[in-house]
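Dear colleague,

I am handing over the structure below, and after it I set out what was found. Please read the notes with the structure open beside them.

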Amino acid sequence: MNYLHRISIRPLGIFLMLISCSMILNGCKKDDAVKVVDNNKISAIIADNFNLSVYNTALIRTGLAKITDKEGLYTAIAPSDDAFENAGFGNATAILSMDPSRVSSIMNYHILNGVYEFDKLPFLFNQEVKSANGGKLFVTHWVKQGDTILTINGSKIVSKNVRASNGLIQVIDRVLEPYSHNKVIEAIASDRDLSLFYQALQRSGLAETLNGQGPYTVFAPSNAAMTAFGLHTIEEINSMDPAVLQGLMRYHILSDRRFVYDYVLSTGTSNRSDQTMIDGKSIQVILKPNPQIAGAFIGIELKGTGNTSVIQLTKQDVLTGNGVVHTIGSLLKITQ
């Protein structure tokens, strides 16, 4: 009887062992199928930051949120919500109603392949890096009154090297506008408000110069400024002595790339500095104080040696592949 009992129990024990092993194996498979969610990727950090809500909406709309959620290394240049508001995009709805191709162009310009710790660059102005879509960006690493300052295309980095598991986030105070012209002269030619100045550059032979490698910075008088000077029409410009016109136009061009904020960084405690133009003569750059913040500045004013009053910029920091264009409200004069 005991012998038969032992024989009948053995198959049952084996059966129970098989069921137990099967359950363990199934449990292992289920555990293997569970993916660990990484909440420290660029897209996740941006989504959790209330001050980057508009940027997050733009990332999602363009599909870049999925890109910055992938493995790999990226640097996301993230304009704050205030930056988007200053650029005319007050909230996420403004981004959603915007032309998709324009949103895509702007957002792709703000993503870089690889990790860029800009504070490890040399202390220099406008060092070139490239965005993921090939567009040029210019990074300045400088010291102003004991503070280390970082800018991109003249916009200030307000929060640097925010670390993510797949890269970095650099928060800036302005939306970067991707440039659509490789040459300064092309940007001037495309601006209707600079048509008289463009004709003057053509007449004086300087259009070819600005089509070169550069870099150049041009303080371009508006049509109203040209008219106030006495050059009302293209015919009047074409009737002017090219050599005389060239002397006047050369006083509006410098052989360097300079954003407005570059002057804020490079100007000393007098808040005034001299800028040498391509004719060898200098103009004066005067910092405009910010009435709301002591020691801060909101822009610059200019004055030629022949100007009796300061000249205002009406448009600034128009980037091209070989330089920058600023529109000004009066001509820079060498003599009165």
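Leaving aside its neighbours within four places in sequence, which residues is Arg 257 in contact with? Counting as contact heavy atoms within 4.5 Å, Arg 257 touches Asn 126, Phe 138, Pro 215, Thr 217, Asp 262, Leu 319, Gly 321, Asn 322, Gly 323 and Val 324.

Before going further, please keep in mind that this is a predicted model, in which local features need pLDDT of at least 70 and side-chain atom pairs count only at pLDDT 80 or more, while totals for chains, interfaces and linings use all residues. Residues are numbered from 1 along each chain as its sequence is written, and side-chain values use heavy atoms, with hydrogens and water left out.

The protein has 14 helices and 14 strands, taken as DSSP runs numbered from the N terminus (helices are H or I with at least four residues, strands are E with at least two). Of its 336 residues, 44% are buried, where buried means under 20% relative accessible area, exposed over 50%, and partly exposed in between, with a 1.4 Å probe and protein chains only. Among contacts between residues at least 6 apart in sequence, 63% join residues at least 24 apart.

Two open sheets were found, and in both, strands count as paired if DSSP finds at least two bridges between them. With strand E9 (residues 253-254), E8 pairs in the antiparallel sense over two bridges, and Val 218 stands opposite Ile 253.

Arg 257 itself sits in the loop between E9 and helix H14 (260-266). Arg 257 is buried yet has no salt bridge, and the nearest side chain of opposite charge, Glu 128, is 5.6 Å away; a salt bridge here is a side-chain nitrogen of Lys or Arg within 4 Å of a carboxyl oxygen of Asp or Glu, and for charge Lys and Arg count as positive and Asp and Glu as negative, with His and the chain ends not counted.

The other sheet also has seven strands, in the order E2-E1-E7-E6-E5-E4-E3, again with mixed pairing. Its edge strands are E2 (111-113) and E3 (127-130), each pairing on one side only.

By the salt-bridge rule the count comes to seven. Glu 117 forms one with Lys 120, with the closest N and O atoms 3.2 Å apart, and another with Arg 163, at 2.9 Å. This second pair links distant parts of the chain, since Arg 163 is in strand E6 (residues 155-164) and Glu 117 is in the loop between E2 and E3, 46 residues apart. A further salt bridge joins Asp 191 and Lys 315 (3.1 Å, N to O). Asp 191 lies in the loop between helix H8 (184-190) and helix H9 (195-204) and Lys 315 in strand E13, so the pair ties together parts 124 residues apart in sequence.
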